[in-house]
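Please open the structure in a viewer and keep the selection panel at hand. The tour moves from one residue to the ligand site around it.

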Amino acid sequence: MGMNDPTHPVHRTICGESGVWARVGSFMASLKIEARRERKRNWTIRISLDPAATENHHLSHQHPPQFAYETDGSSPLEEQAATTDHSLFTSKDISSMEGEGECSDNPFTSVMTLTKMRVPHVPQRYVLPPSQRPTLTLDLTANLPIVDLSTLHHASQRSLTLDTIQGACKELGFFQVVNHGIPLPVIHDALAAATEFFNLSLEEKMTLLSDNVHNPVRYGTSLNHASDKVHYWRDFIKHYSHPISDWIHLWPSNPPSYKDKMGNYAKAVQVLHKQLMEAILETLGLNFGNLQKEIEEGNQLMAINCYPACPEPDLTLGMPPHSDYGTLTVLLQSGPGLQLQDNKKKWLSVPFVEGALLVQLGDQIEVMSNGQYKSVVHQVTLSAENKRLSIASLHSLPINKKIGPAPELVDEQHPVSYNEFSFRDFLDYISSNDIADKRFIDSIKKSV
Ligand code: OGA
Ligand code: NI
């Protein structure tokens with residue numbers, strides 16, 4: 001039986017720069033081909049699924065994982081191969097072919113791997129139903145608000161800036177900030193650390209792999225590779241970041257500069273979050289002092305996202321539409337790709353502004369404001385040419401702190417519209433619900 005036999009499970013091979021890959025059943029597999037000659041006579045050709053770059057580590061259960069052909073130095077390969085029995089492979093071979101991913105319905109494959117394999121199509125599990133596919137050609141929305149935060153320090157300009165922020169929070173739940181106090185080198189270093197991390201070997205990154213949303217540090221792909229029905233073209237590392245001394249020892253130790261570079265950025269964003277909260281609470285007429293301690297002791301989860309170039313960006317997304325759970329998310333991006341929904345549910349593309357940071361209102365602000373402000377629904381689109389990185393710093397009040405509508409914002413015309421919830425409640429929700437199906441905030445809205 002030779003490689004050209006159509007009943008052979010590997011029925012199509014393509015040579016690419018990064019090796020050879022094949023479609024095996026409905027999966028893409030990366031093949032490793034080794035030829036070895038022993039005692040100057042016999043060649044052994046060994047073809048194996050490359051476990052580091054094979055899409056479905058459980059393939060080995062369904063198909064013989066390796067084929068070895070040995071010549072005796074005289075007869076042609078094909079003839080020799082016909083007599084080769086797959087039982088040549090021991091169970092040890094088979095178990096060594098399986099991925100280190102946890103047992104689940106969805107074996108782990110990073111999208112960095114798929115991009116490296118140069119798959120010409122996205123595998124089926126990434127293909128969204130037509131109604132959920134993105135429009136990639138939206139006009140860049142030039143009039144999204146950009147707020148110069150330095151003006152908050154000038155008494156004469158402060159109230160005008162607060163008006164701009166208030167308008168942005170009411171209409172969009174989103175604005176960009178410049179002159180935010182985080183130096184450009186700190187921003188560039190954080191992005192460089194992220195780039196280096198995702199460029200590490202899969203093996204190295206897998207040491208942090210986890211699908212448990214309660215873990216303070218975890219590497220993963222899609223939203224949650226273990227439970228997602230549709231997959232999203234994203235790899236991520238997430239880690240708790242505040243107070244930094246509680247968590248930094250758990251962060252990636254590779255690349256060696258990661259902790260320093262990401263740490264400097266994390267600390268700077270934590271300071272920025274507090275300033276932004278002070279301004280936003282003022283626009284709601286709420287007393288910052290009442291919440292200051294809880295803001296200072298709040299949770300900061302950094303989600304470092306990698307969206308490699310995608311062969312079919314019109315069929316899939318990097319992240320599905322969702323809102324973030326916390327108070328504010330401060331987002332740093334390396335290029336365009338983010339889209340958000342305005343209050344008429346129209347999608348807008350966020351223009352890329354070098355050095356600017358994006359501020360998104362989360363569910364905790366929506367609840368606190370008793371619905372005066374809405375958390376912004378956003379999604380991530382992909383590009384066929386460019387990889388995009390983002391660092392989302394998701395802030396929330398302490399993990400067990402229940403947040404309900406501020407009493408100052410409740411009256412007869414504005415009855416309590418939401419039940420209380422904590423960040424932990426949100427984590428419990430996403431560990432058993434698919435946020436691509438139903439938004440968390442809809443689960444805590446009071447019915448009227
Ligand atoms: C997120 C998120 C957007 C982006 O991590 O919650 O929405 O651009 N990220 O990566
Ligand atoms: Ni988000």
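A residue counts as buried when its relative accessible area is under 20%, and as exposed when that value is over 50%. The model shown is predicted.

Begin by selecting H378, which sits in strand β16. Is H378 buried or exposed? Its relative accessibility is 5%, so H378 is classed as buried. Next, display the side chain of D324: a polar contact of 3.1 Å links it to the side chain of H378.

Move on to ligand 1. The residues around ligand 1 include H378 and D324, together with H322, L338, Y307 and M319. By class, the shell holds 6 nonpolar, 4 polar and 2 charged residues.

For R388, the distance from a polar side-chain atom to a ligand 1 oxygen atom is 2.8 Å. In N305, a side-chain N or O atom lies 3.2 Å from an oxygen atom of ligand 1. The protein buries 97% of the 290 Å² that ligand 1 exposes when taken alone.

Finally, colour the elements that each give two or more residues to this shell: β10 (299-307), β11 (319-322), β16 (378-380) and β17 (388-396). Strand β17 contributes the most, with 3 residues.

Methods: Residues are numbered from 1 along each chain as its sequence is written. Chains are lettered from A and ligands numbered from 1 in the order in which they are written. This is a predicted model: local features need pLDDT of at least 70, side-chain atom pairs count only at pLDDT 80 or more; totals for chains, interfaces and linings use all residues. Side-chain values use heavy atoms; hydrogens and water are left out. A residue is near a molecule or strand if one of its heavy atoms lies within 4 Å of it. A polar contact is a pair of N or O atoms within 3.5 Å; within protein, one must be able to donate a hydrogen and the other to accept it, and residues adjacent in sequence count only if both atoms are side-chain atoms. Accessible areas come from the Shrake-Rupley method with a 1.4 Å probe; for residues, only the protein chains shown count as cover. Helices (H or I, at least four residues) and strands (E, at least two) are DSSP runs, numbered from the N terminus. Ala, Val, Leu, Ile, Met, Phe, Trp, Tyr, Cys and Pro count as nonpolar, Asp, Glu, Lys and Arg as charged, and the others, Gly among them, as polar. Buried means under 20% relative accessible area, exposed over 50%, partly exposed in between (1.4 Å probe, protein chains only).
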